[in-house]
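Reader: I am new to this structure. Can you show me how to read its features, one at a time?

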Amino acid sequence: TTAAQPNITSTGTLTSLTVSGALNVMSGTLTADTLTTGASGTAGEITGNWSLSSGSRLSATYADLAEYYKGEKAYEAGTVVCFGGSAEVHVSDEKCSKRVAGVVSTNPAYLMNQNCSGIPVAVALQGRVPCKVTGKCEKGDVMVSAGDGTATAWYNVATIMQPGVVIGKSIEDKNDAEESVIEVAIGRL
């Protein structure tokens, strides 16, 4: 209710503070129940070395852990990619490929390698993610590369399972042979 003050000194407990603009804490402790940048679509940044104390947790709206890799081009979410080609990853073009890297993420909860050069492709490494799938499958089926940028149930490729071929497990039933998108738990054996 008064004109702007260059310095405010107080003794006692401050129960509420509303700040417009930037807040710069030079020393001491800043405690808050919520840390936000505004609207859900507003990007923010946390800089420094942070840790969670005992009994603490982080929660996320989305469900996978992804990492940026250099791609030959920008790939559509749900595409199965493997290591190789002219960049770090490209569309998986071999059935049951042992070079499979993962699935292009739709909305990663946590995204690593932010400063990836070239064409960054967010590859889901763990968690649940929408995935392009060809062929029938049931919940819990082991998913492998179908050789065309999609996944398929391992039994659809009629080959011996080698180490490194597993993308994850199906979370949904799929009752037709056509390509469609279902959720797959990436990294599950």
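**Reading the model step by step**

Author: Start with Thr 152, which sits in strand E8 (residues 151-153). Keep in mind that this is a predicted model.

Reader: Is Thr 152 buried or exposed?

Author: Look at relative accessible area. Buried means under 20%. Thr 152 has 5%, so Thr 152 is buried.

Reader: Which residues is Thr 152 in contact with?

Author: Set aside neighbours within four places in sequence. Thr 152 is then in contact with Thr 134, Val 142, Met 143, Val 144, Ser 145, Ala 146 and Val 157.

Reader: What does Met 112 touch?

Author: Leave out residues up to four places away in sequence. Met 112 then touches Leu 65, Ala 66, Glu 67, Tyr 68 and Leu 125. Take Ala 66 as the example. Met 112 and Ala 66 are 46 residues apart in sequence. In space, C-alpha to C-alpha, Met 112 and Ala 66 are 6.3 Å apart.

Reader: Now salt bridges. How many does the count come to?

Author: The test is a side-chain nitrogen of Lys or Arg within 4 Å of a carboxyl oxygen of Asp or Glu. By this rule there are four salt bridges. We can go through some of them.

Reader: Which residue meets Glu 76 in a salt bridge?

Author: Lys 132 does, with 2.8 Å from N to O. The pair links distant parts of the chain, 56 residues apart. Glu 76 is in the loop between strand E1 (64-71) and strand E2 (80-83). Lys 132 is in strand E6 (residues 119-133).

Reader: What does Arg 128 form with Glu 183?

Author: A salt bridge, and the closest N and O atoms of Arg 128 and Glu 183 are 2.6 Å apart. Arg 128 lies in strand E6 and Glu 183 in strand E10 (residues 180-186), so the pair ties together parts 55 residues apart in sequence. Arg 128 is partly exposed, at 39% relative accessible area. Glu 183 is also partly exposed, at 22%.

Reader: Which residue forms a salt bridge with Lys 174?

Author: Asp 176 does. The closest N and O atoms of Lys 174 and Asp 176 are 3.2 Å apart. Lys 174 is buried, with a relative accessible area of 3%. Asp 176 counts as partly exposed, at 37%.

Reader: Let us turn to the backbone. What is phi of Cys 96 near?

Author: Phi of Cys 96 is near 55°, a positive value in a residue other than glycine. Cys 96 is found in the loop between strand E3 (89-91) and strand E4 (100-104). Its relative accessible area is 12%, so Cys 96 is buried.

Definitions and conventions. Residues are numbered from 1 along each chain as its sequence is written. This is a predicted model: local features need pLDDT of at least 70, side-chain atom pairs count only at pLDDT 80 or more; totals for chains, interfaces and linings use all residues. Side-chain values use heavy atoms; hydrogens and water are left out. Helices (H or I, at least four residues) and strands (E, at least two) are DSSP runs, numbered from the N terminus. Buried means under 20% relative accessible area, exposed over 50%, partly exposed in between (1.4 Å probe, protein chains only). Contact means heavy atoms within 4.5 Å.
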